[in-house]
Amino acid sequence: MKKFAVFGNPIAQSLSPTIHQMFADQLGETISYEKILAPEDGFVEAATTFLAQDGAIGCNVTMPFKLDAFNFAKVDDQAAKDAQAVNTLMNDDNGKVLGYNTDGIGLVNDLLNNDVEIQGKRVLLIGAGGAARGVISPLIEAGAASLTIANRTKAKAEQVANAVSNSKVQVVALEDIASVAPHIIINSTAASLSNELPCSLNNGVLRNCDVVYDMVYKNSPTRFMREAAEAGVENQIDGLGMLVEQAAEAFYIWTQKRPDTSDIVKRVRDIVEQGEKRN
Ligand code: ATR
């Protein structure tokens with residue numbers, strides 16, 4: 001039995017055990033995958049205990065522990081280095097714990113699954129928290145012509161852009177996003193969870209835009225997606241596919257087996273929608 005877990009605080013809501021069990025069933029692996037609630041100041045101890053068990057292969061890490069995991073692990077993965085955040089840990093053969101970040105590749109793969117062309121496109125990224133940091137270099141590597149960050153607190157966007165230090169990565173004030181004329185807008189903020197828009201959409205910013213992506217997947221379509229659709233944006237995508245794809249990349253790192261995600265995204269969406277109907 002290969003043992004896995006996800007660490008977070010809170011963690012009860014996590015869909016990761018369900019998603020990884022689906023991958024394991026599809027690929028003929030026998031696994032256990034548990035949710036572990038670590039105390040806010042107790043991530044390293046909890047992860048160390050888990051990873052020392054017989055059969056423990058690795059674990060996922062979610063809020064608020066991605067920076068703790070980055071500091072704890074041996075990090076060779078460029079995406080994790082760029083994001084200064086780790087969402088996947090794995091025991092290696094030499095007693096070390098390796099750290100990876102699969103969030104960005106998860107987003108890029110979900111965009112590609114949805115037939116979104118990234119190559120040569122201007123991308124506007126709203127938000128400058130951990131969720132934003134993880135996706136910047138993967139989007140540039142996927143061929144984005146430019147990636148412009150806009151954030152409520154502009155100084156934070158500037159810090160994030162300076163840390164990446166790539167001429168394709170720029171910052172714009174939230175009031176000036178129309179000047180970017182983006183083809184793709186990605187919302188990495190949690191604004192949708194409180195039914196708020198992450199940025200104004202009626203200022204001309206949608207002129208060239210044919211895709212909006214909301215990393216939130218609860219109560220989809222979110223207000224951001226609905227208002228973009230009403231304003232004529234062709235394609236609105238929520239973050240459920242990214243959740244499944246970041247998990248698929250972690251599963252691949254751990255097992256060297258790559259799940260086929262198309263059917264699994266649909267099954268996970270059914271589970272999310274059933275849960276929302278009950279509430
Ligand atoms: P995460 O790691 O999930 O990205 P975070 O580090 O707390 O979470 O970052 C949250 C991001 O969403 C920030 O960019 C935040 O803007 P500030 O830096 O100005 O705080 C942004 N954010 C949160 N709520 C928002 C809202 N209602 N409207 C716009 N931006 C919001």
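**Cavity, pockets and domains of a predicted model**

About 40 Å³ of space lies in the largest cavity. This is a predicted model, in which local features need pLDDT of at least 70 and side-chain atom pairs count only at pLDDT 80 or more, while totals for chains, interfaces and linings use all residues. Residues are numbered from 1 along each chain as its sequence is written, and side-chain values use heavy atoms, with hydrogens and water left out.

Rolling a probe the size of a water molecule over the atoms shows where empty space is left. Here the search runs on a 1 Å grid over the protein atoms alone; a cavity is a set of points where a 1.4 Å probe fits but cannot get out, a pocket is an open set with protein on both sides within 12 Å along at least five of seven lines, and lining residues have an atom within 4 Å of a point. Grid points are joined across faces, edges and corners, and a volume is the space filled by probe spheres set on the points.

The structure holds one cavity of 30 Å³ or more. Its lining consists of Tyr217, Ser220, Leu240, Arg269, Val272, Glu273 and Glu276. Helix α10 (residues 262-278) gives the most to this lining, with four residues; helices (H or I, at least four residues) and strands (E, at least two) are DSSP runs, numbered from the N terminus. By class, the lining of the largest cavity has three nonpolar, one polar and three charged residues. For this count Ala, Val, Leu, Ile, Met, Phe, Trp, Tyr, Cys and Pro are nonpolar, Asp, Glu, Lys and Arg are charged, and the others, Gly among them, are polar.

The peptide bond from Ser220 to Pro221 is cis, with omega near 0°, and Pro221 lies in the loop between β10 (211-214) and α8 (223-230). Arg269 forms a salt bridge with Asp238, the closest N and O atoms being 2.9 Å apart; a salt bridge is a side-chain nitrogen of Lys or Arg within 4 Å of a carboxyl oxygen of Asp or Glu.

The domain assignment divides the chain into domain 1 (2-101 + 241-273) and domain 2 (104-238), with bounds that come from an automatic or database domain assignment. Their C-alpha centres lie 25 Å apart. The contact (heavy atoms within 4.5 Å) takes 15 residues from domain 1 and 15 residues from domain 2. The two domains bury about 1400 Å² between them, 56% of it on carbon and sulfur atoms; buried area is the accessible area (1.4 Å probe) that two parts lose on being put together, summed over both. Asp82, Met242 and Glu245 supply 38% of the area that domain 1 buries against domain 2, more than any other three residues. One salt bridge is found across this interface.

The largest pocket has a volume of about 1000 Å³. Domain 1 and domain 2 both give residues to its lining, so the pocket lies between them. Of its 37 lining residues, Thr62, Met63, Lys66, Tyr217 and Leu243 lie nearest the centre. At least two lining residues come from each of α1 (16-27), β3 (56-61), α3 (66-72), α6 (130-141) and α9 (240-255). The lining has 19 nonpolar, 14 polar and four charged residues.

The second largest pocket has a volume of about 300 Å³. It is lined by 18 residues, of which Gly127, Asn151, Arg152, Thr189 and Ala190 are the closest to its centre. Its lining has eight nonpolar, seven polar and three charged residues.

Some backbone details remain. Most residues other than glycine have a negative phi, and most peptide bonds are trans. A cis peptide bond joins Asn9 and Pro10, with omega of about 10°; Pro10 lies in the loop between β1 (2-8) and α1. Gln84 has a positive phi, near 50°, and is placed in the loop between α4 (78-83) and β4 (88-91).

The structure holds eight salt bridges. In one of them the side chains of Lys2 and Glu29 meet at 2.9 Å, N to O. This pair links distant parts of the chain, with Lys2 in strand β1 and Glu29 in the loop between α1 and β2 (31-37), 27 residues apart.
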